[in-house]
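Good morning, and thank you for making the time.

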Amino acid sequence: MSAWLPTAPCTPRDCATHRGPAAGALTGAVRLLAGVGLVLAGALTSPFLTLLGGEVRDRLTRHWTRMVLRLFGLRVRVVGEPAPLRGSGVLVVANHVSWLDIPLLATVFPGRMLAKSEIRRWPLLGALAALGGTLFVERERLRALPETVRTLSTALAAGSRVIVFPEACTWCGREQGRFTTAVFQAALDADAAVRPVRITYRAPDGEPSGAPAFVGDDTITASLWRVVTARGLTAEITVLPLIPAGRHTDRRELARDARSGIARTTVTDGVLHTAVASDSANWPSSSVHQCVNSIPASASSVRTRS
């Protein structure tokens, strides 16, 4: 991994734990087979979805991703503003916890995902991602960043909904990383609004659960098994107010606005609460973690030890 890519202190041993009730091995196996089976079915039928109109395709995508999450054992809860219909281009930015973030966001915001270029070469899932309009980025090549920004800006200007994870790596969900700013430059160039979204995975008692976290040197196999054998998980997506185009002219200010809204928002009994903004100097420092489905940070990013 390049030294300038962002990192985080989260590890599977320290963060990826579920302290709530557990499902048995048989239940876990059934969930796993059912969930993977539905993903494969979606991959086989996805070429036909491209023939449908946008609103119909979005509706089917929402139902499919919600069912995938349900079969894996998670309930989906949407808090905040109503899910918007298709319209002008908008940049959806969210904190990044797990591979589950992708289908979770699609239950509310079907759109074009920004992902690392390696995913294009994955068997089956790579083809599925490409068919879904995924925008791929070569994260290891800093020189590819300007072209990525232009691609994002073009998609936004054409009216697409683009989903990105500006942390550029996964965190456990209890802490949050800095937001890279390049994607926000794309929104400024396209004169597009930004929609911040907070993702939280909760145990039955309402407290955050680490079971879905995909961090550090975790493997997809271990992560899948943790999820399907955890009982009572809820995937919560909090839709925050839109940051309209034109509010900021500097990408760093725009990134700070989006990041602070996500970091300061909590949900209690379905009610949104916003804490007093904290100084950016108190943002968590970086260390080692899983970097997936995002774009690189600036060349000035610095690693720190765990």
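I shall begin with the conventions, then turn to the chain as a whole, its strands and helices, and finally its side-chain pairs.

This is a predicted model, in which local features need pLDDT of at least 70 and side-chain atom pairs count only at pLDDT 80 or more, whereas totals for chains, interfaces and linings use all residues. Residues are numbered from 1 along each chain as its sequence is written, and side-chain values use heavy atoms, with hydrogens and water left out.

First, the chain as a whole. Its secondary structure comes to nine helices and nine strands; these are DSSP runs numbered from the N terminus, helices being H or I with at least four residues and strands E with at least two. Of the 306 residues in the protein chain, 52% are buried. Buried here means under 20% relative accessible area, exposed means over 50%, and partly exposed lies in between, with a 1.4 Å probe and protein chains only. The protein chain exposes about 14200 Å², and carbon and sulfur atoms supply 57% of that area. Accessible areas come from the Shrake-Rupley method with a 1.4 Å probe, and for residues only the protein chains shown count as cover. Among contacts with a separation of 6 or more, 81% are between residues 24 or more positions apart, a contact being heavy atoms within 4.5 Å.

Let us turn to strand 3, residues 112-116. Strand 3 runs parallel to strand 4, residues 135-137, and three bridges join the two. Within that pairing, A115 stands opposite F136. Strand 3 also runs parallel to strand 5, with two bridges between them, and here M113 stands opposite I163. For strands to be paired, DSSP must find at least two bridges between them.

Next, helix 7, which spans residues 182-190. What do its buried residues pack against? Their partners are strands 2, 3, 5 and 6 together with helices 6 and 9. The buried residues themselves are A182, V183, F184, A186, A187 and A190. Just after the helix, D191 takes a positive phi of about 55°.

In helix 9 I would point to I262, which is buried, with a relative accessible area of 0%. Leaving aside residues up to four places away in sequence, I262 touches V93, A94, N95, Q176, F179, P196, V197, R198 and L240. I262 and T238 are 24 residues apart in sequence, and their C-alpha atoms are 8.8 Å apart.

Now the aromatic pairs, of which the structure holds two. The rings of F72 and W99 have centres 5.9 Å apart and planes at 85°, so this pair is edge-to-face. F72 lies in the loop between helix 3 and strand 1, and W99 in the loop between strand 2 and helix 4, so the pair ties together parts 27 residues apart in sequence. Both F72 and W99 are buried. The pair of F179 and F184 is stacked, at 6.3 Å centre to centre with 15° between the planes, and both of these residues are buried as well. The criterion is that rings of Phe, Tyr and Trp (its six-membered ring) have centres within 6.5 Å; planes under 30 degrees apart count as stacked, over 60 as edge-to-face and the rest as tilted.

Finally, the salt bridges: the structure holds five, each a side-chain nitrogen of Lys or Arg within 4 Å of a carboxyl oxygen of Asp or Glu. Which of the pairs is buried on both sides? D218 and R226 are both buried, and their closest N and O atoms are 2.6 Å apart. In helix 6, R150 and E147 are three residues apart, about one helical turn, and their side chains meet at 2.8 Å, N to O. R150 is partly exposed at 49% relative accessible area, and E147 is partly exposed at 43%. The side chains of R247 and D257 meet at 3.7 Å, N to O. R247 lies in the loop between strand 7 and helix 9, and D257 in helix 9, so this pair ties together parts 10 residues apart in sequence. R77, R202 and E236 are linked in a network of salt bridges.
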